[in-house]
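Colleague: I'm new to this one, and I'd like to talk through its charged pairs and a helix contact. Could you show me the structure before we start?
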Amino acid sequence: MHKALWQSVLGEIEVSVSPAAFATWFKNTDLIDHTDSEVVISVPNIFAKKQFEVKFNDQIKEVLAKNGVKPQQITYTISQQTKSVRNREADTETNVTENVRSSISIKPSNKNGLNPRYNFENFIVGSSNDLAYNASQAVADNPGSRYNPIYFYGGVGLGKTHLMQAIGNEIVTKNKDLKVMYISSETFVSEFMDHIRYKKKGFSDKYRNIDVLIVDDMQFIAGKEKTQEEFFHTFNHLHQNNKQIIISSDKPPKSIPNLTERLRSRFGMGMVIDIQMPEFETRCAILNAKASIAGINLDSSVIEFVAQNVKSNIRELEGALNKLLAHSDLYKIDIDVSVAEGLLGDIRRSRPQYLTSKQIVDKVAKYFQTSLPDITGPKRDKHIVMPRQVAMYLLRSELHMSFPKIAAELGRKDHTTAIHSVEKIEKSVKVDFSVREQISSIRESLYV
């Protein structure tokens, strides 16, 4: 009953807000309970909670009333997937409301190298990183028992450091007796070299007498044979004693040059997860969250404009937003699309301004080495069906086209084919490494 009611509510709301706003805020919500006095709605994170309370509450009340439900109040609660938020929500707000308008360098606040500003609550989850996020929570709940080691890889500014530190912070919060250490591989190299040159004692003990070792940017250890040998022994000692190891790099283990085969093998023995470029909906959610923290209510058209034009990584996205917020603060004006266009003109000139459906289908055809007529034609050969489904998925995720339009674009008469194709690829992206790699490669080619 709850599900049917909420689906009805969502159906009405979807036609009254922009596709990006609906996907960003309403997609991962649910109606938990409703009585005559109260309706309880589950939302994915603290940013969504604030947005619903401030911006969408009246609209939801109105649509509920149309469906015969007139509660005295609506309560928004964080979903079970991020239930730890509830226990530390006040702390979260203190942490994340620090001045985001300027690009402040983040420094570790304690001896274990962790910064409390990095936590699960302020990590925006989307299809590009949800596998990494869910695996990270599993590691934080049971360090050393699942996904050990866990290895994240991806380009600059995609959230690897945030996610790894979030694991560490969650572990420290749940069990203060566990020793957690976050370092960069460069720090490990530097300390090891000091140990060799100056005969400093205690190096091995420092890294082997801990419960959770988090090493960022592992690619910098490549080519350093003695350091790799030392890390190999450290890795073995920790792993054999069921201590958690968390690693990040810009490449998967097999693609790091000058990495010894035994380390390559060790890194790949646990769970290797790629973090991809954030898709449009995730970029919108990040911008909304950051603007909300800064106390600025940006119009959805501005959010969508920035998200459409900044596609490479989260750091660049935040940089563009900070530029808008700084301008708003200095000149005491509201930011609209025309102002954003003027301020971010350099970003627009450096990237395709308008991505078209034809560009997407062409890139897919080129990637899979098939022809455009084959993808849009009636053939159902396996080597053609897959590219067609990928094209439908990208038309939905990048351009937010409706299913009937997607079907028409690919020469299909029935839009249920498009629905099935998008759902199939969405599922494959979560469980199939090769499909994730394909989608990531095609996305990158769209925005170069």
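Modeller: One term first: a residue is called buried when its relative accessible area is under 20%, exposed when that area is over 50%, and partly exposed in between. Please also keep in mind that this is a predicted model.

Colleague: Okay, so is Lys-49 buried or exposed?
Modeller: Lys-49 has a relative accessible area of 15%, so Lys-49 counts as buried.

Colleague: Which side chain does Lys-49 meet in a salt bridge?
Modeller: Its partner is Glu-53, with 2.8 Å from N to O, and Glu-53 is partly exposed, at a relative accessible area of 39%.

Colleague: What does Lys-206 form a salt bridge with?
Modeller: Lys-206 pairs with Glu-191, and their closest N and O atoms are 2.9 Å apart. This pair links distant parts of the chain, since Lys-206 sits in helix 8 (residues 203-208) and Glu-191 in helix 7 (residues 185-198), 15 residues apart. Lys-206 is partly exposed, with a relative accessible area of 33%, and Glu-191 is also partly exposed, at 24%.

Colleague: Then Lys-243, which residue is its salt-bridge partner?
Modeller: That is Asp-211, with the closest N and O atoms 2.9 Å apart. Here too distant parts of the chain are linked, as the residues are 32 apart: Lys-243 is in the loop between helix 9 (225-240) and strand 7 (244-249), while Asp-211 is in the loop between helix 8 and strand 6 (212-216). Asp-211 counts as buried at 17% relative accessibility, whereas Lys-243 is partly exposed at 25%.

Colleague: Changing topic, how do helix 5 and helix 6 cross?
Modeller: The axes of helix 5 (residues 130-141) and helix 6 (residues 160-174) come within 9 Å and cross at roughly 25°, which makes helix 5 roughly parallel to helix 6. The crossing is right-handed.

Colleague: Which residues make the contact?
Modeller: From helix 5 they include Tyr-133, Val-139 and Asp-141, and from helix 6 they include Leu-163, Glu-170 and Lys-174. By class, the contact has seven nonpolar, one polar and three charged residues.

Colleague: What links Asp-141, Glu-170 and Lys-174?
Modeller: Those three residues are joined in a network of salt bridges.

How values were computed: Residues are numbered from 1 along each chain as its sequence is written. This is a predicted model: local features need pLDDT of at least 70, side-chain atom pairs count only at pLDDT 80 or more; totals for chains, interfaces and linings use all residues. Side-chain values use heavy atoms; hydrogens and water are left out. A salt bridge is a side-chain nitrogen of Lys or Arg within 4 Å of a carboxyl oxygen of Asp or Glu. Buried means under 20% relative accessible area, exposed over 50%, partly exposed in between (1.4 Å probe, protein chains only). Helices (H or I, at least four residues) and strands (E, at least two) are DSSP runs, numbered from the N terminus. Axes are lines fitted to C-alpha atoms, for helices over the stretch in contact, and angles run from 0 to 180 degrees between N-to-C directions. Angles under 35 degrees count as roughly parallel, over 145 as roughly antiparallel, 65 to 115 as roughly perpendicular and the rest as oblique. A crossing is left-handed if the near helix is turned anticlockwise from the far one by less than a right angle, and right-handed if clockwise. Contact means heavy atoms within 4.5 Å. Ala, Val, Leu, Ile, Met, Phe, Trp, Tyr, Cys and Pro count as nonpolar, Asp, Glu, Lys and Arg as charged, and the others, Gly among them, as polar.
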